[in-house]
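Hi,

Here is the structure I promised to pass on.

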Amino acid sequence: MQYDVFISCKSEDYKHAEEIYEFLEANGIHTFLASKELRKLGDSEYRKAISKALKSTYHMIVFASQAEYIDTAWVHYEWDWFINAKLKGFKPGQIVTILKDVNVNDVNSDLWKYESFVFSNYKDNLISYVETTA
């Protein structure tokens with residue numbers, strides 16, 4: 001399955017990430033969020049399903065309500081995988097952080113060079129960053 005956007009977040013942030021997911025889906029952006037899509041896939045092999053989704057996505061959103069969530073094992077694996085694929089020329093899409101009650105200067109500096117939005121007003125510009133050119 002092809003995805004326009006992959007949302008990476010810690011499970012504690014699913015409530016807010018699901019709001020972003022619903023916003024994107026309502027705007028015709030096919031989105032992967034583990035709490036939504038893994039249920040649809042019915043796949044108990046989560047790592048395999050997530051790797052497959054990462055390979056098939058065009059853009060990445062990293063969401064966090066606490067700076068340390070960015071570097072938890074799964075979240076770090078996902079955005080680091082995407083950045084490496086981007087650096088190797090396999091992923092032409094954007095990577096964006098959406099932060100709730102977190103200053104971008106407090107997150108992993110590897111993400112500083114990418115666009116960042118505040119959760120309270122991400123809707124103003126997010127669509128223009130994640131529209132695919134296909």
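The buried residues of helix H4 are covered by, among others, strand E1 (3-8), helix H3 (46-56), strand E3 (57-64) and strand E4 (95-99). Before I go on, please keep in mind that this is a predicted model.

Which residues of H4 are the buried ones? They are Val75, Glu78, Trp79, Phe82, Ile83 and Ala85. Looking down the axis of H4, you'll see these buried residues fall within an arc of 165°, so they line one face of the helix. On the face turned away from that buried side, H4 carries the exposed residues Ala73 and Leu87. Just after H4 comes glycine 89, with a positive phi of about 85°.

Buried in H1 are His16, Ala17, Ile20, Tyr21, Phe23 and Leu24. These cover an arc of only 165° around the axis, so they sit on the same side of H1. Lys15 and Ala26 are exposed, on the face of H1 turned away from its buried side. Just after H1, glycine 28 takes a positive phi of about 80°.

Now for a strand residue: isoleucine 7, found in E1. Is isoleucine 7 buried or exposed? Its relative accessible area is 2%, and anything under 20% counts as buried, so isoleucine 7 is buried. Leaving out neighbours within four places in sequence, isoleucine 7 is in contact with Ala17, Ile20, Tyr21, Leu24, Thr31, Phe32, Leu33 and Ile61.

On to the cores. The largest nonpolar core has 23 residues, and Ile70, Trp79 and Ile95 have the most contacts inside it. E1, H3, E3, H4 and E4 each give two or more residues to this core, and the largest share, four residues, comes from H4. There is also a second, separate core of 20 residues, which includes Tyr21, Ile61, Val96 and Val130. As for isoleucine 95, its contacts beyond four places in sequence are Met60, Val62, Trp79, Phe82, Ile83, Leu111, Tyr114 and Glu115.

Last, the rings. How many aromatic pairs does the whole structure hold? The search finds seven. In one of them, phenylalanine 117 and tyrosine 129 have ring centres 5.4 Å apart and planes at 75°, so the pair is edge-to-face. Phenylalanine 117 lies in strand E5 (115-118) and tyrosine 129 in helix H5 (126-130), so this pair ties together parts that are twelve residues apart in sequence. Phenylalanine 117 counts as buried at 8% relative accessibility, while tyrosine 129, at 27%, counts as partly exposed. Phenylalanine 119 and tyrosine 122 make a stacked pair, 5.5 Å centre to centre with 25° between the planes. Phe23, Phe63, Phe119 and Tyr122 form one aromatic cluster. Finally, lysine 10 lies over the face of tyrosine 69, 5.6 Å from the ring centre.

Cheers

Conventions. Residues are numbered from 1 along each chain as its sequence is written. This is a predicted model: local features need pLDDT of at least 70, side-chain atom pairs count only at pLDDT 80 or more; totals for chains, interfaces and linings use all residues. Side-chain values use heavy atoms; hydrogens and water are left out. Buried means under 20% relative accessible area, exposed over 50%, partly exposed in between (1.4 Å probe, protein chains only). The arc is that of the directions from the helix axis to the C-beta atoms. Contact means heavy atoms within 4.5 Å. A nonpolar core is a set of buried Ala, Val, Leu, Ile, Met, Phe, Trp, Tyr and Cys residues joined through side-chain atoms within 4.5 Å. Rings of Phe, Tyr and Trp (its six-membered ring) pair if their centres lie within 6.5 Å; planes under 30 degrees apart count as stacked, over 60 as edge-to-face and the rest as tilted. A charge sits over a ring if NZ of Lys or CZ of Arg is within 6 Å of the ring centre and within 35 degrees of the ring normal.
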